[in-house]
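Please consult the sequence and the structure as displayed.

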Amino acid sequence: MLFRSAVSIGGDGSDNTVVQGNYIGTDTGGTVDLGNIRSGVEVRGTGSAATSPLNTLIGGTAAGEGNIIRFNDLDGVRIRDVAVDVAVLGNSVDNNSQQGIDLWAAGSNDNVTANDSGDGDSGSNHLMNFPVITSAIWNAGNVDVLFDLDVPAGNYRVEFFKNPSGADPSGNGEGETYLSSANIAHGGSGSESFAHSFSGAISDILSATATNELSGPTFVNTSEFSATYTVTAGAAVAAAVAEISPNDVATSGGTYLFEYDIAATIGAANTGVDRVAITVPGSFGVSGSPVVNVLVDGASVAFTDNTVGNAISVDLTTKVTTNARITRSEEHTSE
């Protein structure tokens, strides 16, 4: 049986409405299509901001507060006309025919609302700009995300989702599975860049929303979902920087023992090893001799001594930023 919008909020007396822990458009198993012929949740302005609902919360930040909203014929969550201060947090929103979250500009169903510089436009939820994911790299079980956000100065909660069912046809994803959130402070200087890490996997299809965080905390004005971004493996080696001077020098029977501290950021390939080429100084008043040991976080790793005093290649299976110490023994040369 099909219904109109399952939850419709609007008019006088509708301030401070909370919608939490519901199955909207599906059964309690989340698999049966019971979708409504309109949207799962619709928050309606009534012609003026003064009489529109305020402080609507759909979902929440605590366990069990999110709603499952799927299989609806229009949007998962539709915020229309002049409705503002609607927070949409921690929900599972997917498989709706139109958008996961739709903010209306000028009282019309305009599908994806493009971001604008400085986020100064008006409409439902003040047409909050959505985050722009610029990178998502898998790294030892975690996903390292870089994203940009162009909003007025203030604090924001940015939520990240994965979409196992695939990207939304609009290109701006829904949010099938909530993953994590980042609380950021924005300076209001235009598009600013941020980073966040959470558990994930290569090929996860990510999307994100931004919500203004006020004191309390109270959350208002959630954006639409961002464009999707697929998690990839990192480059084999992101960076490798060697200390030029030896860390420790000891003598024993005419032999110098040099130790070099290496700071290496290792890429996130999911199979095999990553190879870091490290240049070791060739002469500190001593003659060259082979490297005798390579330690990564205290454990020995394999290495190939290509050219004494030049580059050695160290195979590191640790796909994280790590410290390696190269120990090299050399015989003293008298001058």
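This is a predicted model: local features need pLDDT of at least 70, side-chain atom pairs count only at pLDDT 80 or more; totals for chains, interfaces and linings use all residues.

In E9, which residue is the bridge partner of Ile 68? The partner is Ser 92.

**Overall composition**

The protein contains 28 strands and zero helices. It has 335 residues, and 46% of them count as buried. The accessible surface amounts to about 14300 Å², with 50% belonging to carbon and sulfur atoms. Of the contacts between residues at least 6 apart in sequence, 71% join residues at least 24 apart.

**An open parallel sheet**

Strands E3, E6 and E9 make up an open sheet, in the order E3-E6-E9, with parallel pairing. Strand E3 (23–24) and strand E9 (92–94) lie at the edges; each has a single partner strand, so one side of each is left without a neighbour in the sheet.

**Parallel strand pairs**

| Strand and residues | Partner strand | Bridges and direction |
|---|---|---|
| E6 (residues 68–70) | E9 | Three bridges, parallel |
| E5 (residues 56–59) | E8 | Four bridges, parallel |

**Burial of strand E8**

In a regular strand, side chains alternate between the two faces of the sheet. Strand E8 (residues 86–89) is covered on both faces. Val 86 and Val 88 are buried on one side, while Ala 87 and Leu 89 are buried on the other.

Note on methods: Residues are numbered from 1 along each chain as its sequence is written. Side-chain values use heavy atoms; hydrogens and water are left out. Helices (H or I, at least four residues) and strands (E, at least two) are DSSP runs, numbered from the N terminus. Buried means under 20% relative accessible area, exposed over 50%, partly exposed in between (1.4 Å probe, protein chains only). Contact means heavy atoms within 4.5 Å. Accessible areas come from the Shrake-Rupley method with a 1.4 Å probe; for residues, only the protein chains shown count as cover. Two strands pair if DSSP finds at least two bridges between them.
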